[in-house]
Amino acid sequence: MAKNTRGIEVAEIISDKCIACQICIGECPVGAIELSSEGVARVDAETCVGCGKCADSCPVEAVKFEKKRRKKAKEEPKTQEVSLASYQGVAVFIETVHGKGAQVSWELVGKARLLAESLGVRVMGFLLGSGVESIAEEAIAYGCDEVHAINDPLLLHYRSAAYGKALADLCNDVHPEILLIGATHLGRDLAGVVATRLQTGLTADCTGLFIEQETRLLLMTRPTFGGNIMATIFCQNHRPQLSTVRPRVFKMPEKDMGRKGDIREHSWEPPAFELPEIVEFIAAKSGSEDIAKYPALVVAGRGACDPATMPMLEELAKLVGGVIACSRPVVESGLMPYERQVGQTGKTVAPRLYIGVGVSGAVQHLVAIQGADKIVAINTDPNAPIFKVADVGIVGNFTKIVPELIAQLKAKLGTNGKRESA
Amino acid sequence: MHFVCCLKQVPDTVEVKIDPETNTLVRAGVESISNPYDVVAVEEAVRLKERYGGKVTALSMGPPQADAVLRQAIAMGADQGVLLSDRAFAGSDTLATSYTLSKAIETLSKELPVDVVLCGKQAIDGDTAQTGPGIATRLDLSLFTYVIAVDWIDPEKKRIQVRRAVEGGTEVITGPLPALLTVELDLAQPRRAKLPQLVHSLRAPITVWSGKEISASPQLLGIKGSPTWVRAITSPPARHGGPKFDAQQGTPAAVTGAVQTLFSDEDFAAKFKEKREA
Amino acid sequence: MNETFDVVIVGAGPAGISAACVLADRGVKVIVLERGEYPGAKNMFGGVLYGHDLKQVLPDYLDRKCPIERNIVESRIFYLSKDGGFSVAYRDRAFYEDRRNNVFTVGRAKFDRWYAEQAKFKGALIVCSTVVTDLLRDSSGRVVGVKTDREDGDLHAKVVLLADGVNSPLAARTGFRPEVSSEHVALAVKEVIALPEQVIEERFGVADGNGTTIEMLGDITLGMNGVAFLYTNRNSVSLGIGANLADFARRKAKPYEMIEMLKTHPMVAPLIKDGKSKEYLAHWLPEGGYDTVPKLCGDGFLIAGDSAMFFNALHREGSNLAMASGKFAAETILDALKSGDFSRRGLEGYVRRLRESFILKDLKKYRRFPSFMETHEELFTSLPHLAGLASREMLTVNGMSKKAKQGLIWKAIRAQIPPLRLLRMVWDAWRSV
């Protein structure tokens, strides 16, 4: 324990642990802490008064401070405001795509059931649109106890302001304690608007949701810092506890058309301000795919960046129920479009099966595939970084390995392989 | 026209090396850079200024050394840089951040009404993509996320038309100003600054505002104004490399070994089959 | 661009920044152009710095929180054969006390950025990611500024200081200095190996932020003219090895393999055991010595640091020569600004200052050293081997009489180096240092 010249035992920052969240900087009563140019907090020993507030507030225990304090400065947990108790139930925003419920919404209904059971509350579907009755019934079939819908021609197409107001209005009517939204393009846009309207906390792109029994709080786990740290976040004094979740994180629930539930339509006052107008929708060219949706990806890297190899990779992808994607050099070469790029500036993916062909495994690529269930790597270089994360590696020339793999998988699976409709 | 770009200083993960043993990013010595999406926002703002005239203000929130991202924006053509720096801002989550930025934009509007706010689609460190929608909602701006092109701005009628990347295609959408755009990387290629601008950016005064200057309510700032709290930080379950099969010993044998290893995980094999046949 | 500066400095390394600090301190309008993304991005040195020269530029460098890794209290020299080696170590109480910070280690990127920050505080403009592509001259051939790779990138100044390093394409292109020949540069590679602070202190017998440096000579450079080093940082050690570039080419040696071999040497391996590689860097060192020092100034320009081939190959001093020469250049420029004479004559004071200083005195003293090393490859081949043989035999107790052993050793020596050549070598060595 270091002392300063005034003999005060001062706090020290453990650089390796510090995540530069700056919470301690805000807590320090004397302004002794600043963020260094290396991006870690630094305590100015001479200014430090040894109060230990930084150590208390640090979420990652990166402050070394062992002084036995006379009074424990730890704050008593605030008593929950009474009004929070009036929020009950787990709600899921049911996203619609071309008149159907989005798969991620059903996955979330499945998860909401589990959360609701441990809380002893009901699962609610929040549905917005125009002519969405059949989707409401589907929501019941997937596990909603009740569906709250706003049916309005203004909501036929997604527009942030209209949907944001509608969903916030539903929350204000129904008071759910938890609201889950799929982290799709639409969902991420909507969640930011709703959270701001409701002045509540939002945790984006969660990969894990749990109920803490003693407090009935929702604990939300999400990857941060490029996926190398998992943060568990909670929202104590604001409701609903709002979270977005990526597709395919949770399992699809069973559909039971015999389930019963209440469907309630809410009257709605559209926003008073002028909404943007959708002038045109230009459908993506055929061949355009959202690679993040597929349970399997065959990813071409620099080592397989050749038009001639694509049919072979396509065949493998089809066989395993996925599509082809690529790393950044392949996009830069012009062989594949940006939308197929896996990586930090491309897409983060979490397929059941990832097959990297000629992918060496740059950091930016590896952080984007961390969520994959199984990683298979094929590369000529036995020292390629990707082998350090691959569950199975094959060292050698992919032009020989891939056809052999196709042949063996065909034999193993005993079919010609059906492509999944995603 | 008054364009405001919001920029965030983030750790440059391009410089980050992965620790081969713990499989984590080594943060020591990592450079700070401007969030790449935000740099595209600056580029687009400067192009819009060149097209329609007006002024570009670069806005950031962070410690004093975050002035670097504002200087970069000025080098690219922004007219002024405003840094929101106050101990009270520390620990802000996205709700408090969007509050602070929106108060700053309100303050800027008093001098010259803001017509378009441009933000990056998301930051590469947090990936939350919430700040832009949050600001738009607070200030009642028309919100356009995932913008890949700005078709036109009509300064007379105060309208804008943009193209957005949405699932399954591109949406062409028009709406009233003021508006907030969150931009995709392919919207514009950031320029390399001319030497005089670069030199100018290094000497340009940066306006620093604390909570007082933007008339912010202290209880809505920083950690106090943040509903979400971090309970714990953990390393993700580290992946460990599995067996490697060398095709030099015969391709079929290597592939057989690999396939067997893969399917020896029964849970995976079952899920894989189910998914594939779905 | 239109604006004219008093001084343009090319390169934000130790030489350029030292000059910038001194000039900005006196209110001179100075701009530094750096090709890297930040100062130090394209720079490398072993990591040892001398407090004396830094103090000349920044007397209060300790108060300014200079990022010192370890204060060096012990210097060791290893003379290594392939499988063994001698170690000489020297420690002195003075280096703990009143001569503290005589020598210390710094992290390359950290120090350069910190150093550049100091110049910035003093008022120098530091422009990064900008490459100087050529010099601007007036009709009489006088240098009046530089051309950069940016749009509208011509920069006019009263005087230009070239401090852009050893392999500066600019110096070569502008004809101030002949293109460096591969005999006159060394290729050095360095690996930074992470070790816990406590482990370093135990292994090297140091504490309280003190540390050790080790210079290594001998067979480790595969017979090439070169040396290796190991420096202790706070929680890492820098392990490096370098050899003459021409030798590398001749022997088709791979620097990476050399450093890997060095890591397994019995004298080195225990010092880096369980360490993790953090960084791998390569760099040129100008080791041609006094005879390769170019014309140091001309009409409108001066050359400092590695660009001027200021490097003491024997004592492995480079960055302190760079700092001192940068400071001398700045002082000369201050004189010229007063007199208004930026011609070669007006800048001659720079050469005088260098002559009167340790820089040219040392380089002159060791003038013969580079050629001595170049022409005596025994130093790196048979000699370490023979020394190893002698020690191994004398230390091995196996029943053979010591006299018989001496005979055996002499025989081996005579077989590999003719006695006359050995004598000659000792004489040459004495003369060259």
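**Notes on the A–B interface and a strand in chain C**

1. To start with the interface, 94 residues of chain B are in contact (heavy atoms within 4.5 Å) with 114 residues of chain A. Keep in mind that this is a predicted model, where local features need pLDDT of at least 70 and side-chain atom pairs count only at pLDDT 80 or more, while totals for chains, interfaces and linings use all residues. Residues are numbered from 1 along each chain as its sequence is written, chains are lettered from A in the order in which they are written, and side-chain values use heavy atoms, with hydrogens and water left out.

2. Three salt bridges are counted between chain B and chain A, a salt bridge being a side-chain nitrogen of Lys or Arg within 4 Å of a carboxyl oxygen of Asp or Glu. One to look up is A:Lys374 with B:Asp265, whose closest N and O atoms are 2.9 Å apart. On the side of chain B that touches chain A, helix α6 (residues 251–263) of chain B gives the most, with ten residues; helices here are DSSP runs (H or I, at least four residues), strands likewise (E, at least two), numbered from the N terminus.

3. The two chains also share strand pairing (DSSP finds at least two bridges between the strands). Strand β17 (residues 277–283) of chain A runs antiparallel to strand β11 (residues 169–176) of chain B, over six bridges. Within that pair, A:Glu280 has B:Val172 as its bridge partner.

4. Over in chain C, strand β4 (residues 68–80) pairs in the parallel sense with strand β12 (residues 210–218) over nine bridges. Seven bridges join β4(C) to the antiparallel β5(C) (residues 85–91), and a hairpin links these two through four residues. C:Ile77 stands opposite C:Glu215 in β12(C) and has C:Val88 as its bridge partner in β5(C).
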